[in-house]
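Keep the viewer open and follow the selections below in order.

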Amino acid sequence: MDYQELIDKAIKASEKSYSPYSKFAVGACVLTTDGNTYCGCNFENSSFGLTICAERNAVGSAIAEGERKIKAIAVYSPNAQYCYPCGACRQVLNEFKSDEGMDVITCGDNGIKVVKLEELLPEGFNL
Ligand code: THU
């Protein structure tokens, strides 16, 4: 799958965002080593700390289908240029990176950018 397709799925997921408090919509789509994709959007709560980010929602969907190895994730927000995963999500992504690592893809007015998760989370915590 090419990364534009993965971004397109993240864009579609962002349209489902439930973000009445921040009004900041996010969509994410992960690509597993089995070649499957799983999407998620952020969903907020009136008790703000219960908010779930789009990336963790997408990872949860993959895990619920028995997948464990994610080779790429696309993240998109209509409210920001080049939306990258927050720190907490970077650590969650670290848990499920494939043996070849994970590409993090985001897009903005100047096209797609791809970085390795390791660049966004050097020395991520592992047990
Ligand atoms: N958000 C995400 O979905 N992913 C991120 O990586 C950063 C933040 C959401 C959480 C909240 O609903 C809104 O964006 C503003 O923080």
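Select Asp99 and Lys69 in this predicted model: the two form a salt bridge, with their closest N and O atoms 3.0 Å apart. The pair links distant parts of the chain, 30 residues apart. Asp99 sits in the loop between α3 (87-95) and β4 (103-108), while Lys69 sits in the loop between α2 (54-64) and β3 (70-76).

Now colour by accessibility. Asp99 has a relative accessible area of 65% and is exposed. Lys69, at 34%, is partly exposed.

How many salt bridges does a search of the whole structure find? The search finds two. For the other, select Lys116 and Asp103, which form a salt bridge with closest N and O atoms 3.0 Å apart. Lys116 belongs to strand β5 (residues 111-116) and Asp103 to strand β4, so this pair ties together parts that are 13 residues apart in sequence.

Is Asp103 buried or exposed? Asp103 counts as buried, because its relative accessibility is 14% and the cut-off for buried is under 20%.

Last, move to Lys16, in the loop between α1 (3-14) and β1 (27-32). Lys16 counts as exposed because its relative accessibility is 64%, and exposed means over 50%. To place Lys16 against another part of the chain, draw a C-alpha to C-alpha distance to Val59: the two are 16 Å apart in space and 43 residues apart in sequence.

Note on methods
Residues numbered from 1 in each chain as written. Predicted model: local features only at pLDDT ≥ 70, side-chain atom pairs only at ≥ 80, totals over all residues. Heavy atoms only, no water. Salt bridge = Lys/Arg side-chain N within 4 Å of Asp/Glu carboxyl O. Helix = DSSP H or I, 4+ residues; strand = E, 2+ residues; numbered from the N terminus. Buried < 20%, exposed > 50% of the residue type's maximum accessible area, 1.4 Å probe, protein only.
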